[in-house]
Amino acid sequence: MASDNEKLPSIASVPRHIALVMDGNGRWAKMRGKERYEGHAAGVDALRVVLRAAADYGVEYLTAYTFSTENWNRPEEEVRALMGLFVTAIMNELLDLMENNVRLLAIGDFDRLPEDVRTSLEQGIRKTAGNTGLSLVLALSYSSRWELTDTARRLAVQVRDGAIAPEDIDEALISGQLSTSGIPDPDLFIRTGGEKRISNFLMWQMAYTELVFTDTLWPDFNADCLRQAIEEYSSRERRFGKTSEQIALSGTNNKLNL
């Protein structure tokens with residue numbers, strides 16, 4: 001992307017897929033005497049910075065938890081402001097995504113989104129479909145419980161209709177029915193803002209994901225913060241249930257994706 005890869009610090013192992021919970025926009029705004037929507041707008045700027053840095057490091061997928069199904073319970077005024085921000089951000093960033101070869105994807109219960117948000121999202125996905133660089137996945141109106149319930153319902157229909165038998169249902173079949181089908185499981189999960197939980201995000205997909213939590217509020221999260229998180233990831237041994245000796249004998253490194 002825009003920055004020079006040669007200037008980036010070398011890191012032994014870079015995650016293929018990073019999942020983000022971008023927490024702290026509201027608190028960031030409150031600390032500065034601003035409205036909450038101003039914090040969310042600053043969060044868009046932070047995502048732009050992190051997206052560019054992630055691409056420069058060679059990350060292939062960046063999934064951002066943009067709006068959860070639980071967020072529909074927030075004050076109506078804030079929800080309306082967020083929906084307007086999504087439309088504006090997608091349209092404003094589209095040229096930048098194209099120039100930097102970023103592909104836009106999305107997961108979530110899109111039926112609940114306002115029509116203008118769905119239209120902008122579909123336009124962004126369509127226009128960037130041919131891009132071959134980093135894939136930015138927006139989780140909009142998403143939660144793992146919604147996703148797993150929806151998957152179970154669709155599998156039940158397939159069993160009822162005779163398309164599959166109950167004994168056909170295994171991990172691979174379930175993974176293929178999820179909204180993230182075709183996207184590798186996250187290697188690294190980063191949550192900003194000080195909270196230490198995954199909050200109903202990619203629960204199936206993050207069975208073996210390395211978790212990094214930081215007190216930094218999302219609008220203050222920058223390329224250096226991302227580097228520190230990736231370095232923390234790189235320092236860990238990912239065993240996937242095996243012993244350290246087995247990993248050493250097999251020559252497997254912590255970039256293994258199962």
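1. What share of the contacts in the protein with a separation of 6 or more comes from residues 24 or more positions apart? Such residues account for 75% of these contacts, a contact being heavy atoms within 4.5 Å.

2. The model is a predicted one, in which local features need pLDDT of at least 70 and side-chain atom pairs count only at pLDDT 80 or more, while totals for chains, interfaces and linings use all residues. Residues are numbered from 1 along each chain as its sequence is written, and side-chain values use heavy atoms, with hydrogens and water left out.

3. The protein contains 8 helices and 6 strands; these are DSSP runs numbered from the N terminus, helices being H or I of at least four residues and strands E of at least two. Read from the N terminus, the order of elements is β-α-α-β-α-β-α-β-α-α-β-β-α-α.

4. Of the 258 residues in the protein, 47% are buried. Here buried means under 20% relative accessible area, exposed over 50%, and partly exposed in between, with a 1.4 Å probe and protein chains only.

5. S141 deserves a separate point. This residue belongs to strand 4 (residues 135-142) and is buried, because its relative accessibility is 0%. Leaving aside residues up to four places away in sequence, S141 touches F67, S68, T69, W72, G108, D109, R112 and L113. S141 is not a glycine, yet its phi is positive, at about 55°. Most residues other than glycine have a negative phi.

6. S199 is another residue other than glycine with a positive phi, near 55°. S199 sits in the loop between strand 5 (188-191) and strand 6 (210-213). With a relative accessibility of 29%, S199 counts as partly exposed.

7. D168 lies in the loop between helix 5 (144-160) and helix 6 (171-177), and is partly exposed because its relative accessible area is 40%.
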